[in-house]
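Here is a short tour for someone meeting this protein for the first time. Have a look at the sequence and the model, and then we'll walk through some of the details.

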Amino acid sequence: MVYEGITSVIGNTPLVRLSRVYEDLQVQLFAKLEAFNPGGSIKDRAAFSILGNALATGEVRSGTTVIESSSGNMGIGLAQACAYYGLRFICVVDPKTTKQNIQILKAYGAEVDMVTKPDLQTGEFLPARIRRVQILLRQIPNSYWPDQYSNIFNARAHHQTMHEVVTALGGRVDYLFCSTSTCGTLRGCAEYVRAHNLKTKIFAVDALGSLIFGGLPKKRLLPGHGAARQPGLYRPGLAERCIQVSDLECIIGCRRLLRSEAILAGGSSGGILMAVERVKDEIPSGAICVALFPDRGERYLDTIYSDPWVEEHFGEVGPLWQQAGEAQECSTMIS
Ligand SMILES: Cc1ncc(COP(=O)(O)O)c(C=O)c1O
């Protein structure tokens, strides 16, 4: 098969049965490997959806500078999209952004604008990055902010994600496990489920210490899932349940995935695996469960897959790769 340009390669990612990670699994578990997108993550879909719409409406045109705050996958997805469309892209990052991600952004031709201090009130970098975006938007004429946390075309990209899952499984998906940050994936998949009258129950998997579903803030080391505020795309009732997972659980989940299934996945994928582990015995036998794995593990070689880094932050945890998880239910139930 020959594809017309790199944008045509986005989506249609593989769905893989996970048959090794749990010996006694009573449900059928599948993982959708979003790492197979050309930019390496599920965010390729959102980036091309947002920019494609903005180009169609004329909000983005020749000479437009795209400016977004991102410390990871969305930045890379947008950098790829802007390189493809010949647009200038400024990515506002913070010191938590990994060296590797900065290198990837620059390789795509993005300009990297570093915010050095967190927001004084919250201690978080996100508000500081958004403020910097606002300043740049005022300074640069013909500039455009994708605003991934509120842009509905972020969510709409995932109608297709869910369509691919449902089609691959012949129309029946009983449970979907979906990690959350902007809530674009969650909202898009939930909208698809409703529009097609599917019975799929969606379980959101969030970072412990994230504020999307309420709860209390907590220091988090892993990028990707979780958010320091409730995104504009969030709506109550999108998910049946929310399960919060700690950084350590994400690491354990990632290491287990690698050992059992030989899948080198990113942190939120490990978190999703641990969320599945938490509820697997409550799910009716034979149910079809799908886990959306958002990105690839290469971006976490210096953290999740580095023994010295894990030991520095969590102590001696090697034996934990074999033990059961400790994922927590969100205190806020979503109705
Ligand atoms: C690794 C990873 N996992 C999960 C998510 C959450 O996806 P969404 O923003 O669609 O909620 C993201 C978003 O950037 C991500 O990069």
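## Salt bridges

The count here comes to 14 salt bridges, where a salt bridge is a side-chain nitrogen of Lys or Arg within 4 Å of a carboxyl oxygen of Asp or Glu. Before going on, keep in mind that this is a predicted model, in which local features need pLDDT of at least 70 and side-chain atom pairs count only at pLDDT 80 or more, while totals for chains, interfaces and linings use all residues. Residues are numbered from 1 along each chain as its sequence is written, and side-chain values use heavy atoms, with hydrogens and water left out.

| Salt bridge | Distance |
|---|---|
| Arg-88 and Glu-111 | 2.8 Å |
| Asp-94 and Arg-129 | 2.5 Å |
| Asp-281 and Lys-280 | 3.7 Å |

Let's start with Arg-88 and Glu-111, which form a salt bridge. This pair links distant parts of the chain: Arg-88 sits in strand 4 (residues 88–93) and Glu-111 in strand 5 (residues 111–114), 23 residues apart. Helices (H or I, at least four residues) and strands (E, at least two) are DSSP runs, numbered from the N terminus.

How exposed are the two partners? Arg-88 is partly exposed because its relative accessible area is 38%, and Glu-111 counts as partly exposed too, at 34%. For these words, buried means under 20% relative accessible area, exposed means over 50%, and partly exposed is in between (1.4 Å probe, protein chains only).

Next come Asp-94 and Arg-129, whose side chains meet in a salt bridge. Asp-94 lies in the loop between strand 4 and helix 3 (99–107), and Arg-129 is in helix 4 (residues 125–139), so this pair ties together parts that are 35 residues apart in sequence. Asp-94 is buried, with a relative accessible area of 2%, and Arg-129 counts as buried at 7%.

Asp-281 is exposed, since its relative accessible area is 66%, whereas Lys-280 counts as buried at 12%.

Some charged residues also join up in a group: Lys-32, Glu-34, Arg-45 and Glu-164 are linked in a network of salt bridges.

## Around the ligand

Which residues come nearest to the ligand? Of the 15 residues around the ligand, those are Lys-43, Ser-181, Thr-182, Thr-185 and Ser-268; a residue is near a molecule if one of its heavy atoms lies within 4 Å of it.

A polar side-chain atom of Lys-43 is 2.8 Å from a ligand oxygen, and one of Thr-182 is 2.6 Å from a ligand oxygen. From Cys-183, a polar backbone atom lies 2.9 Å from an oxygen atom of the ligand. On its own the ligand exposes 390 Å², and the protein buries 95% of that (areas come from the Shrake-Rupley method with a 1.4 Å probe; for residues, only the protein chains shown count as cover).

You'll find Thr-182 in the loop between strand 7 (175–179) and helix 6 (184–195), and at 4% relative accessibility Thr-182 counts as buried. Its side chain makes a polar contact with the side chain of Asn-154 at 3.0 Å, and also reaches the backbone nitrogen of Gly-184 at 3.0 Å. Leaving out residues up to four places away in sequence, Thr-182 touches Lys-43, Gln-148, Tyr-149, Asn-154, Pro-231 and Leu-233; contact means heavy atoms within 4.5 Å.

Ser-41 belongs to the loop between strand 2 (28–33) and helix 1. Is Ser-41 buried or exposed? At 1% relative accessibility, Ser-41 counts as buried. Apart from neighbours within four places in sequence, Ser-41 is in contact with Glu-34, Asn-73, Pro-294, Asp-295 and Arg-299.

Cys-82, in helix 2 (residues 73–85), also counts as buried, at 1% relative accessibility. With neighbours within four places in sequence set aside, Cys-82 is in contact with Leu-51, Val-66, Leu-87 and Phe-89.

Terms used
Polar contact = N/O pair within 3.5 Å; in protein donor to acceptor, adjacent residues only side chain to side chain.
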